[in-house]
Amino acid sequence: IRPYININRGLIKMYDIATTVSRVANETYSHSRRIMPEQPWWDNLESSFHKFPDDFELDLRTELTVESTAAGDYLLRTAGAGLLSSLALPTSLSPGQLKKDLANADFYRRKANTGDPEKFFKRPNSSKVVMESSPAGYFRFKPDDGNCELLNFESPFKTVNPALRDQYPKRKRNMRAYAQYWSHDDGPRPTICVIHGFMADPYWLNRRFFSLPWFYKQGYDILLYTLPHHGRRQNRLSPFSGHGLFAGGISHINESMAHAVHDFRIFVDYLESRGVSNIGVTGISLGGYTSSLLAAVENRLQFAIPNVPVVSLLDLVLEWFPLNLPLKALLKASNTSIREARHMLAVHSPLTYEPLLPKERRMVIAGAGDRLAPPKHARLLWDHWGRCRIHWFPGNHLLHLDQGKYLKEMAAFMREIGFDQA
């Protein structure tokens, strides 16, 4: 990341802006009331949460920088919402699908009501899983002192709800799990697991975005995990990667998140079988949502660092024009409140469960100008996680200005908790 950018022919030190944003955000929120309510959060969080402002008391120069990046997110958000509303929503909200989802709603509500992640996220039995390895492709990372391979296995996942066990596996490509694995020749080494965002699964993209070769050179192995319905796991006729996640209804979303956790844990089993003892997870956007959830499910993780995370899918899409219009109309027509709709999806929200990882092993990264995964979501998770370590950067969902600063802070965080010790 270059230390300076040119705006209106004036040089602005990005380090100064990043420092200002992080300081002001921390001061703003550390002295403010908690917005994470008592459990059950889906009932006690204000129904207007999606309308909460996402602003900070910044000086004019910093405010202009943050707001200029936010404007880009509004455009991207509208385009993404348009894709979902035209290509995924018609099947997800069809009368037949809605009837099925309403019939299954109580099953997922009861699971969420327990507050026990083991009721929904059962540890998989990987004893019969055959892990396969193949070349990672031409655009793979090519380390001088290690190997880059594509791991995959036929997923033994069965839906938690028996009512979906016949339908869910029909997306056959989705039932094979994938991850790209970078390992040092003199391993095993502490391994950082990286989970991509919605529609952003290419390994090369995440490699560059997270500066993963730099972390590899710090001595870490890397595993890039592919979420269900993305990349090689999407149907051949999917209009875009991730389409299948939101094109099958609410019950399908719930089971897809159970599937995501299930297959990730099998990769953790595999890493342990290779002698890896220190395993941590980070992820961006939907990957941040998943890594936050894993902090409450998988006690073998040494750290969780969600990056621009989402914590409530319903509250998120209620901000996404034009996707929010048919959703609001449907809620009104079916006499379903926002709280009731949240409850239907709460079974996989990180807010539903207490984290298993201690506070000092949790860290949140958030963007002050993010309008795809707005700052209030990161703040809600931060509250739920006992106001753990947090870093704010001056940028939007994709443009992380002065990203080098938080990458170095992530590396320092890993050293402080002793993660670098094999």
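The legends below describe close-up views of one predicted model.

Residues are numbered from 1 along each chain as its sequence is written, and side-chain values use heavy atoms, with hydrogens and water left out. Because the model is predicted, local features need pLDDT of at least 70 and side-chain atom pairs count only at pLDDT 80 or more, whereas totals for chains, interfaces and linings use all residues.

**Figure 1. The largest pocket and its lining.**
The volume of the largest pocket is about 1,200 Å³. A pocket is here an open set of points, on a 1 Å grid over the protein atoms alone, where a 1.4 Å probe fits and protein lies on both sides within 12 Å along at least five of seven lines; a lining residue has an atom within 4 Å of a point. Grid points are joined across faces, edges and corners, and the volume is the space filled by probe spheres set on the points. The lining comprises 45 residues, and Leu84, Phe198, Phe246, Val317 and Trp320 lie nearest the centre of the pocket. Two or more lining residues come from each of helix 3 (60–87), helix 4 (89–92), helix 5 (95–114), helix 6 (203–209), helix 9 (250–273), helix 11 (313–317), helix 12 (324–333) and helix 13 (338–345). Helices (H or I, at least four residues) and strands (E, at least two) are DSSP runs numbered from the N terminus. Helix 6 supplies the largest share, five residues. By class, 34 lining residues are nonpolar, nine are polar and two are charged; Ala, Val, Leu, Ile, Met, Phe, Trp, Tyr, Cys and Pro count as nonpolar, Asp, Glu, Lys and Arg as charged, and the others, Gly among them, as polar.

**Figure 2. Leu316 in helix 11.**
Leu316 is buried, with a relative accessible area of 9%. Buried means under 20% relative accessible area, exposed over 50%, and partly exposed in between (1.4 Å probe, protein chains only). The C-alpha atoms of Leu316 and Phe49 are separated by 9.5 Å, although these residues are 267 apart along the chain.

**Figure 3. Helix 15 and the residues after it.**
Helix 15 (residues 403–416) contains 14 residues and reaches 20 Å from its first C-alpha to its last, close to the 20 Å expected at 1.5 Å a residue. The expected span is 1.5 Å times one less than the number of residues. Buried positions in helix 15 are Gln403, Tyr406, Leu407, Met410, Ala411, Ala412, Phe413 and Met414. Helix 15 is followed by Gly418, whose phi is positive, near 80°. Ile417 lies in the segment after helix 15 and counts as buried at 14% relative accessibility. Between the C-alpha atoms of Ile417 and Phe303, 114 residues apart along the chain, the separation is 8.5 Å.

**Figure 4. Aromatic pairs and a charge over a ring.**
A search of the whole structure finds 22 aromatic pairs. The rings of Phe209 and Phe210 form an edge-to-face pair, because their centres are 5.5 Å apart and their planes stand at 80°. Rings of Phe, Tyr and Trp (its six-membered ring) pair if their centres lie within 6.5 Å; planes under 30 degrees apart count as stacked, over 60 as edge-to-face and the rest as tilted. Both partners are buried, Phe209 with a relative accessible area of 19% and Phe210 with 2%. The rings of Phe303 and Phe419 are also edge-to-face, with centres 4.8 Å apart and planes at 80°. This pair links distant parts of the chain, with Phe303 in strand 9 (residues 301–307) and Phe419 in the segment after helix 15, 116 residues apart. Phe303 and Phe419 are buried. Elsewhere, Phe107, Tyr108, Phe120, Phe121 and Tyr353 form one aromatic cluster. The charged end of Lys142 sits over the ring of Tyr138, 4.7 Å from its centre; the criterion is NZ of Lys or CZ of Arg within 6 Å of the ring centre and within 35 degrees of the ring normal.

Most residues other than glycine have a negative phi, and most peptide bonds are trans. Another cis peptide bond joins Phe321 and Pro322, with omega about 5°, and Pro322 is found in the loop between helix 11 and helix 12. At 2% relative accessibility, His229 counts as buried. Arg387 has a positive phi, near 55°, in the loop between helix 14 (375–384) and strand 11 (389–393).
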